[in-house]
Structure formats: structure tokens, C-alpha cells
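Try each task before you read its solution.

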Amino acid sequence: MSSAKKNPSLDAVAKTIIELLQEDGRRSYSDIGRVVGLSEAAVRQRVQRLTESGVMQIVAVTDPMQLGFHRQAMIGIRVSGDTRIVAEAIARVDAIDYVVITVGAFDVLAEVVCEDDDQLLALINDVIRPIEGVVSTETFIYAKLQKQLYNWGTR
């Protein structure tokens with residue numbers, strides 16, 4: 001989701017729709033409509049507006065290990081120059097699924113899901129390190145995914 005898009009003001013109905021879909025992204029629009037007091041068509045329109053505006057995405061969350069991606073890692077990247085430009089270049093890399101600009105020991109954090117260590121090494125050496133402005137990287141290999149939730153609700 002891009003934070004560059006203008007997020008519409010969320011009313012109580014929109015927030016409830018989001019929270020219901022965070023609990024179960026397959027929940028039917030008619031079921032959601034019963035909870036929020038709208039027709040199925042009205043819920044469909046609301047969900048479409050929320051997705052088109054970038055407020056939310058509806059996706060299937062998978063277990064990378066079961067799909068043949070046996071190496072997950074977070075890569076801390078130190079940058080010289082404009083961090084935003086480097087982060088944009090990193091975000092364009094298909095193998096990278098999460099990019100944030102940070103303040104602290106690293107300027108950018110990038111999460112990757114790879115088939116194996118060879119693919120991870122190639123990604124770091126051949127793709128990330130050659131990006132202009134990348135000074136250094138530090139890789140944190142995931143030993144075990146302990147918790148992963150997407151139901152933090154709305155404010």
C-alpha cells in the first residue's frame with residue numbers, strides 16, 4: 001500500500017468493514033452488510049473504494065516454506081545520500097516484499113523471501129549492493145516465524 005495516496009476519511013462503517021475483513025478476508029459482502037446495516041451492493045462499493053484509494057488490500061497470506069521459499073530475511077541497509085531514492089530503487093525489486101525507511105542504525109529495512117541461500121546471496125550481491133547510495137547491508141535470517149498478524153484494527 002502506498003502512503004502517497006490520499007486516504008479518505010474513514011467513518012465507523014468503513015472501519016467495521018476493514019476490521020471484519022482483517023478477521024476473514026473471505027467473508028461475504030452480504031455477511032458484512034448484515035453486521036454494518038448495508039446491502040451487499042453497498043458493501044461491495046465501499047470495499048472497492050477502500051481498495052482503490054489504497055486504504056487496504058485483500059490478499060491471500062501464504063506460508064512461504066510450503067511454497068518452496070525456504071529462506072526469509074530482513075536486510076538492514078545503510079545509505080549515503082537521499083534515502084528515499086534508494087528506498088524507491090529497492091522497492092522496485094520483485095524479490096523484495098517489504099521496504100521501510102527508518103531512523104536509527106539502518107536507513108532502510110527490506111524483507112525478502114527467497115528459495116534458498118544462493119538466491120539470497122545473489123539478491124544481496126548482484127541487486128541490492130550495486131544500487132547507487134547503498135553503503136552497507138546487514139542480513140537478519142529468520143530462523144522461525146513466531147507470530148504474524150494483520151488484524152490490528154482501525155483507529
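**Exercise 1: Contacts along the chain**

Take contacts in the chain between residues at least 6 apart in sequence: what share join residues at least 24 apart? This is a predicted model.

Solution. Start with the contacts between residues at least 6 apart in sequence. Of these, 65% join residues at least 24 apart.

**Exercise 2: Elements and overall form**

List the elements in order from the N terminus.

Solution. Step one: count the elements. The chain has five helices and four strands. Step two: order them. They run α-α-α-β-α-β-β-α-β from the N terminus on. Step four: look at the spans. The C-alpha trace covers about 55 × 35 × 25 Å along its principal axes. Step five: turn to burial. Of the 155 residues, 31% are buried.

**Exercise 3: A helix pair**

Describe how helix 1 and helix 2 pack.

Solution. Step one: locate them. Helix 1 spans residues 12–23, and helix 2 spans residues 29–36. Step two: take the geometry. Their axes lie 10 Å apart, at an angle of about 135°. That angle makes helix 1 oblique to helix 2. Their crossing is right-handed. Step three: find the contact. Helix 1 supplies V13, T16, I17, L20 and L21, while helix 2 supplies I32, V35 and V36. Step four: sort these residues. Seven are nonpolar, one is polar and none is charged.

Technical notes
Residues are numbered from 1 along each chain as its sequence is written. This is a predicted model: local features need pLDDT of at least 70, side-chain atom pairs count only at pLDDT 80 or more; totals for chains, interfaces and linings use all residues. Side-chain values use heavy atoms; hydrogens and water are left out. Axes are lines fitted to C-alpha atoms, for helices over the stretch in contact, and angles run from 0 to 180 degrees between N-to-C directions. Helices (H or I, at least four residues) and strands (E, at least two) are DSSP runs, numbered from the N terminus. Angles under 35 degrees count as roughly parallel, over 145 as roughly antiparallel, 65 to 115 as roughly perpendicular and the rest as oblique. A crossing is left-handed if the near helix is turned anticlockwise from the far one by less than a right angle, and right-handed if clockwise. Contact means heavy atoms within 4.5 Å. Ala, Val, Leu, Ile, Met, Phe, Trp, Tyr, Cys and Pro count as nonpolar, Asp, Glu, Lys and Arg as charged, and the others, Gly among them, as polar. Buried means under 20% relative accessible area, exposed over 50%, partly exposed in between (1.4 Å probe, protein chains only).
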